[in-house]
Amino acid sequence: MATISQPATDTPLERDQRTIIQIDDVHKYYDLGETRVHALRGVSLRIARGEFVAIMGASGSGKSTFMNIVGCLDKPTSGRYLLEGIEVSSLSKNELAAIRNRKIGFVFQGFNLLSRTTALENVELPTLYAHVSKEEGRKRAQDALQLVGLGDRTLHFPSQLSGGQQQRVAIARALVNRPAILLADEPTGNLDSRTSVEVMEVFQKLNDGGLTVVLVTHESDISQFAKRGIHFLDGKIRRDEPVQNRPVAAEVLKNLPTLED
Amino acid sequence: MDLVAIIRIAMRALARNKLRSSLTMLGIIIGVGAVIAMVSVGQGAQEQAQQQIAAMGSNMLFVGAGTVTRGGMHMGWGATKTLVYDDMLAILRECPAVKEAAPGSQASAQVVFGNDNWATRVNGSEPQYFDIRSWPFQEGSSFTQSDVDMAANVAVIGETVRKNLFGATDPIGETVRINNLPFKVVGVLAPKGTSAAMGDDQDDIILVPITTLQKKITGQDWLRWIMVSAVSRQASYTAQQQITSLLRDRHRIRSGQDDDFMVRNLADMADLADQQARLFTVLLASIASISLIVGGIGIMNIMLVSVTERTREIGIRMAIGATEGDVQQQFLIEAVVLSLLGGAIGITLGMGASYMITQTLGWPVLVSPTAIVAAVVFSMAVGIFFGFYPARKAAGLDPIEALRYE
């Protein structure tokens, strides 16, 4: 299991071997007809390998735009973004797709699983685009489901799984290509408080295994499970500080009432 | 992603909306089915026409006594008395492209055998007539040249006459009465069916020596027609020219004047019938292909709906690493699978339909492999053509927008 959370080999070009995300003075505008929306106004940031970062901010603070850029779904208008030393802002669409496929694992608020497709097939999906052999893809998908504790639910359809289980399938899918970072956008937004903590438990476990996790959330109690909190306001980083008194999700769960109580 | 995986994904996506997929395919099914059925019917008709013309005799030319205008009255075919036996001899002597020739004349007569009687055509000719028309005997044989020389009372009967007069009785050696004259039946011709050119029953006929007909039945010494065979099919055109100029010469027709005879070339008629059948086939096929295009538009319509419906799926696939090419390929393959599947069903239905049509019309079944290959290629092309735009649209989606789509 450790192999899954182990990051890929370092690029020799990078001066600081531990830096996985390097963002220098990134700006992002959207032109909406007459008006120009300035979503990011000069963001600089470094995230090291093995960090667990929570990105926080109200809606309109630029955190979603930031997440789209970090996730290589969007490109900055100006500034530099290096992912594992690769200058992402200059890549073509197909190269970005390959980066998303191999270096980034996405977890979304709405789970975004393909319905009428089994858990296993959902998890396999990224391996199809990575040109991994069918057998290898299947094996990796099974391992990933095992890792998130759903080894016995591989043939269930999303509609047969609870919200927490669906989100864990989504996490398994994010892990299957052994990404450099796990990028979670409001992963607990659709979950009740206990299930939210359960998902955080999975994240903490993966992070303990060495995986870099970037979590976007507006819930401050969820952000507490990260090691570092970054607050966005009006397209800029307002605060960037380590999390004090970080709770361990596994411990918190013991004190939470279960659904049966 | 490998092609097998993409096809599997496409099949599954189509199976998800079975009714919708089948209705979409219906357009292609009907289109392909119609093309196959129509082309088969057209080619069957072509084959049928060819067979009928071949049945009339190979390399055959028909020289008929022509029309003539007397005092402003346009007289019908065979109205002239200028075509004579010597013309035939001259044709045989002076036209190198001609192989054989047989004279002919005709009368209508009541034929009696026992208590049965039958009104039919009585043709007079010579033994080579059967050769020229490649007309075999099912029983007995032709009258002989000496029968012709002696104007003997012998007759060869067609299948229709045999059926109506003799029924189960063996006609060979029996005597029939034609206009009250006794004739001994020496042969029964094999059935030839309905003629393609005239539409009449070719088996409703009695043949007697030309001399017997002229002397004992009609009392005329001119000919109604001369049947000629050319040395080959190509030579039949040369023969036509040679006969025309020879007869104009013999009948002293000045240039500018109309012929008092006509020469019909069966090769000509075969070509004409062929052309008509081909035109018929093309017409039918083009009408049918319109429904194929309509079917293609149906595919495009459903694929566009599908792309909109699955915007979120497209967004997910792009977020986890599908390139634009991957997405485009997925939707294109889906459209092609849809159209090919429809094409396959359409071919089966089209073959069934053409079999039924040919059975009903009694035509030869001709499902052409070309039409099947063309149908497969065409339905695939329809899938690619009409699937391309929706697939392009899917591939052009912005993953961020697509993920946000509700």
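**Conventions.** I number residues from 1 along each chain as its sequence is written, and chains are lettered from A and ligands numbered from 1 in the order in which they are written. As the model is predicted, local features need pLDDT of at least 70 and side-chain atom pairs count only at pLDDT 80 or more, while totals for chains, interfaces and linings use all residues.

**Confidence.** I looked up the complex scores and found an ipTM of 0.87 and a pTM of 0.70 from the predictor. Within chain B, confidence is highest in strand β7 (residues 154-157), at 95, and lowest in strand β2 (residues 69-70), at a mean of 58. Where pLDDT is low, the predicted coordinates should not be read in detail.

**Interface.** I took contact to be C-beta atoms, placed from the backbone, within 7 Å, and found 16 residues of chain B in contact with 19 residues of chain A. On the side of chain B that touches chain A, the elements giving two or more residues are α1 (3-16), α10 (311-319), α11 (324-361) and α13 (399-404) of chain B, and α10(B) gives the most, with four residues. Helices here are DSSP runs of H or I with at least four residues, and strands are runs of E with at least two, numbered from the N terminus.

**Helix α4 of chain A.** I then asked how much of α4(A) (residues 119-129) is covered, and ten of its eleven residues are buried, that is, with 20 or more other C-beta atoms within 10 Å of their own, C-beta atoms being placed from the backbone. Among them are A:Val123, A:Leu125, A:Leu128 and A:Tyr129. The buried residues of α4(A) pack against α3 (93-103), α5 (134-147) and α6 (163-175) of chain A, together with α1 and α11 of chain B. A:His131, which follows α4(A), has a positive phi, near 55°.

**Sheets of chain A.** I traced an open sheet of four strands in the order β2-β1-β4-β5 (chain A), with antiparallel pairing; two strands pair if DSSP finds at least two bridges between them. Because β2 (35-48) and β5 (86-87) of chain A each have a single partner strand, one side of each is left without a neighbour in the sheet. Strands β1 (residues 19-32) and β4 (residues 78-83) of chain A run antiparallel and are joined by five bridges, and A:Ile23 stands opposite A:Tyr81 in β4(A).

A further open sheet has six strands in the order β6-β7-β8-β3-β9-β10 (chain A), with mixed pairing; its edge strands are β6 (104-107) and β10 (236-242) of chain A. In chain A, strands β3 (residues 52-56) and β9 (residues 228-233) run parallel and share four bridges, with A:Gly229 in β9(A) as the bridge partner of A:Ala54.

**Nonpolar cores.** I defined a core as buried Ala, Val, Leu, Ile, Met, Phe, Trp, Tyr and Cys residues joined through C-beta atoms within 7 Å. The largest has 157 residues, and those touching the most other members include A:Ile55, A:Leu215 and B:Val35; helix α2 (residues 18-55) of chain B gives the largest share of this core, 15 residues. Beyond its neighbours within four places in sequence, A:Leu215 contacts residues including A:Ile55, A:Phe203 and A:Ala226. A second, separate core of 26 residues includes B:Phe143 and B:Leu213.

Technical notes: Two residues are in contact if their C-beta atoms, placed from the backbone, lie within 7 Å. pLDDT is the predictor's confidence in each residue, from 0 to 100. A residue is buried if 20 or more other C-beta atoms lie within 10 Å of its own, exposed if 12 or fewer, and partly exposed in between; C-beta atoms are placed from the backbone.
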